[in-house]
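Have a look at the model first, and then read on.

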Amino acid sequence: MILTSCLPPSLEQIVQRFEQIQDARRRYEYLLSFAKKVPLLSPQECTPENRVPGCVSEVHLVAQLTPEGKVVFRGSSDAQIPKGLLGLLISGLNELTPAEILQLSPDFIKRTGLDVSLTPSRSNGFYNMFRFLQTQVASLQIAGLRP
């Protein structure tokens, strides 16, 4: 078991479920179940500004701050595995504060076992999604501090 910093409960639960799955095919099935949970963007939101750079697939992500100061995400992808990765991130990080999201490291992916079964381009895409997500959250945090 790889030690990692404390994860938010929602993300920890997802990671622990992946840790219980030994079969790579079942792990992918679980990952793909997250693709169905992605709150979708409208076609008008699939803009270059919302596109995750460095992904082979078309992946778009939007973060918004709720009045309660929590972040909610919506996204889209033209391929199921990246959409599953996006759904995993959204399911694990939705409704957290910007500070909670910004303190996280993407290294938790190692605990899922996906880092060794994903192709290098998909693994790189995951890290790009995570960095883009944090960049968007940082922008929300800065905008929220303005009067």
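## Terms and source

Buried means under 20% relative accessible area, exposed over 50%, and partly exposed in between (1.4 Å probe, protein chains only). This is a predicted model, where local features need pLDDT of at least 70, side-chain atom pairs count only at pLDDT 80 or more, and totals for chains, interfaces and linings use all residues. Residues are numbered from 1 along each chain as its sequence is written, and side-chain values use heavy atoms, with hydrogens and water left out.

## Salt bridges

The structure holds 5 salt bridges (a side-chain nitrogen of Lys or Arg within 4 Å of a carboxyl oxygen of Asp or Glu). One of them joins arginine 25 and glutamate 29, with the closest N and O atoms 3.0 Å apart. Both residues sit in helix α2 (residues 24–35), 4 residues apart, so about one helical turn separates them; helices are DSSP runs of H or I with at least four residues, strands runs of E with at least two, numbered from the N terminus. Arginine 25 is exposed at 58%, while glutamate 29 is partly exposed at 42%.

Glutamate 12 and arginine 111 also meet in a salt bridge (2.7 Å, N to O). Glutamate 12 belongs to helix α1 (residues 9–20) and arginine 111 to helix α5 (residues 109–112), so the pair ties together parts 99 residues apart in sequence. Glutamate 12 is buried at 19%, and arginine 111 is buried at 9%.

## Histidine 60

Histidine 60 lies in strand β1 (residues 59–65) and is buried at 5% relative accessibility.
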